[in-house]
Amino acid sequence: MDEIQHKFVNVGALKLHIAEIGTGPNVVVFLHGFPEIWYSWRHQMLALAGAGFRAIAPDYRGYGLSDSPPEPEKTTFTHLLNDLLQIIDALAISKVFLVGKDFGGPPAYLFSILHPERVLGVITLGVPYVPPGPSMLHKYLPEGFYILRWKEPGRAEADFGRFDAKTVVRKVYILFSRSELPIANENQEIMDLVEPDTPLPSWFTEDDLSTYGALYEKSGFRTALQVPYSWR
């Protein structure tokens with residue numbers, strides 16, 4: 001991992017962290033979801049650099065090593081789109097391939113619509129394109145579905161606040177590695193769906209958990225729970 005370089009880009013009053021490797025003429029920008037950070041893309045970045053691409057993975061504002069905004073509760077997808085534009089402008093990159101996972105998908109789609117002249121292609125994992133508008137999840141999924149629970153003001157903050165950052169990340173990765181949807185009973189919180197002795201997924205190591213835990217210990221979950229879960 002030492003080959004990956006790290007730098008900060010000023011976006012307004014915030015310093016946003018980016019990881020970067022490769023010097024090829026074609027640039028791929030990776031957009032993470034939750035609870036991911038730049039580190040989630042490390043293997044893909046190394047592979048692309050070896051194939052002649054330049055690979056870049058930012059931490060969103062309020063995630064990882066990036067600064068948190070002064071008013072996290074006002075953070076929206078629009079901020080992420082503007083941040084992305086300013087990052088590629090600051091790096092003097094004319095066009096990029098965008099790769100988005102989970103809620104990194106919507107910014108990739110929307111950026112390509114708003115700035116088609118800056119995008120060479122879009123790849124997303126896990127989230128199809130959905131036109132902007134009110135969420136319809138509440139019509140098709142029960143109240144205990146994790147996204148609906150985490151949209152309730154203050155509920156996820158209270159749920160997460162019972163544990164340290166490393167434990168929260170551990171529980172979330174175990175939940176998201178299962179085949180079934182995380183759905184809690186009426187009087188149960190999402191974090192309680194994971195028993196303390198449940199092992200980590202085979203592809204997620206204790207070293208990975210320590211890395212994520214340390215970075216979320218720095219950033220906290222305040223901004224992360226606004227985008228995507230608390231936006232309306």
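**Close-ups of a predicted model**

**View 1. Phe97 and its partner across the strands.** Phe97 has Gly121 in β6 as its bridge partner. The two strands here, β5 (residues 96-101) and β6 (residues 119-125), run parallel and are paired over six bridges; to count as paired, two strands need at least two DSSP bridges between them. Strands (E, at least two residues) and helices (H or I, at least four) are DSSP runs, numbered from the N terminus.

A word on the model: it is predicted, so local features need pLDDT of at least 70 and side-chain atom pairs count only at pLDDT 80 or more, while totals for chains, interfaces and linings use all residues. Residues are numbered from 1 along each chain as its sequence is written, and side-chain values use heavy atoms, leaving out hydrogens and water.

View 2. Helix α3 (residues 105-114) holds Ile113.

**View 3. The salt bridge between Arg61 and Asp83.** The closest N and O atoms of Arg61 and Asp83 sit 2.7 Å apart, making a salt bridge (a side-chain nitrogen of Lys or Arg within 4 Å of a carboxyl oxygen of Asp or Glu). Arg61 is in the loop between β4 (54-58) and α2 (77-90) and Asp83 is in helix α2, so the pair ties together parts 22 residues apart in sequence. Arg61 and Asp83 are both buried (under 20% relative accessible area; exposed is over 50%, partly exposed in between, with a 1.4 Å probe and protein chains only). The whole structure has 14 salt bridges.

**View 4. Arg162 with Asp159 and Asp192.** Arg162 meets Asp159 in a salt bridge at 2.5 Å, N to O, and Asp192 in another at 3.2 Å. Asp192 lies in the loop between α7 (165-176) and α8 (206-219), and Arg162 in the loop between α6 (155-160) and α7, so this pair links parts 30 residues apart in sequence. Asp159 is buried at 2% relative accessible area, whereas Arg162 is partly exposed at 44% and Asp192 is partly exposed at 32%.
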